[in-house]
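My notebook is open, and I'm jotting down what I look up as I go. Here is the structure I'm working from.

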Amino acid sequence: RMTGQGMEEAAPDRIVIEDLRVAAQIGVLESERGRTQTVRFDIAIETVPGYLDEVRRTGAYVSYADAVEFIEDKAATGGHVDLVEEWAEAVAGFVLGNPLAAAVDVRVTKTEVFPAAAGVGIRILRRKAG
């Protein structure tokens, strides 16, 4: 499909949030309970085909600010979460609630587990059915 600039979309657009760091209570180990640790989020939101035209037509859009606020609020009020997988699924579900988001790639990384590693965690890709 052609965009307004005479260029063709080669692939879906992606809205990205990179290296968002929050203090969260996370982990299954006893040593992780009752304290916070830094959790890093990297998110790429794939938009629906014709996204820019839809934004221009309706004014609706995919807001990275909404995703950041969701993560920060969950970290502040969500209590202890055992698994990074739970965090990733929660973020993916929130993002895909936007009708203009077709898929989301979520990486959740605990940054303080191993001194020799920048982080450990999970990366998931979720796509809307259909």
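**Entry 1: a pair in helix H1.** I looked up Glu54 and Arg57 and found their side chains meeting in a salt bridge, 2.8 Å from N to O. I noted the cut-off: a salt bridge needs a side-chain nitrogen of Lys or Arg within 4 Å of a carboxyl oxygen of Asp or Glu. Glu54 and Arg57 are 3 residues apart in helix H1, so about one helical turn separates them. Helices here are DSSP runs of H or I with at least four residues, strands are runs of E with at least two, and both are numbered from the N terminus.

Are Glu54 and Arg57 exposed or partly exposed? Glu54 is partly exposed, with a relative accessible area of 24%, while Arg57 is exposed at 62%. I wrote the limits down: buried is under 20% relative accessible area, exposed is over 50%, and partly exposed is in between (1.4 Å probe, protein chains only).

A reminder to myself: this is a predicted model, where local features need pLDDT of at least 70 and side-chain atom pairs count only at pLDDT 80 or more, though totals for chains, interfaces and linings use all residues. Residues are numbered from 1 along each chain as its sequence is written, and side-chain values use heavy atoms, with hydrogens and water left out.

**Entry 2: another pair in H1.** Arg56 and Asp53 also meet in a salt bridge, at 3.8 Å from N to O. Both sit in helix H1, residues 51-58, and they are 3 residues apart, about one turn of the helix. Asp53 is partly exposed, with a relative accessible area of 35%.

**Entry 3: a link across the sequence.** Which residue does Arg126 pair with in a salt bridge? I found Glu89, with the closest N and O atoms 2.5 Å apart. Arg126 belongs to strand E4 (residues 120-127) and Glu89 to helix H3, so this pair ties together parts 37 residues apart in sequence. Arg126 is partly exposed at 30%, and Glu89 is partly exposed too, at 39%.

**Entry 4: salt bridges overall.** I searched the whole structure and got 12 salt bridges. I also found a network of them linking Asp19, Arg21, Arg40, Asp42 and Arg107.

**Entry 5: surface patches.** Asp66, Glu69, Glu72 and Asp73 gather in a patch of negative charge on the surface. Patch residues have over 30% relative accessible area and no salt bridge; like charges are joined within 9 Å, and nonpolar side chains (Val, Leu, Ile, Met, Phe, Trp, Tyr) within 5 Å. Asp73 is in helix H2, residues 64-77, and counts as partly exposed at 40% relative accessibility.

Val28, Leu29 and Leu83 make a nonpolar patch of about 260 Å². Accessible areas come from the Shrake-Rupley method with a 1.4 Å probe, and for residues only the protein chains shown count as cover. Leu83 is in the loop between H2 and helix H3 (84-95), and is partly exposed at 37%.

**Entry 6: the whole chain.** I counted 3 helices and 4 strands, in the order β-β-α-α-α-β-β along the sequence. The C-alpha trace spans about 55 × 30 × 25 Å along its principal axes. Of the 130 residues, 37% are buried. For contacts (heavy atoms within 4.5 Å), I looked at residues at least 6 apart in sequence: 64% of those contacts join residues at least 24 apart.

Definitions and conventions. Lys and Arg count as positive and Asp and Glu as negative; His and the chain ends are not counted. The place of a charge is taken as NZ of Lys, CZ of Arg, CG of Asp or CD of Glu.
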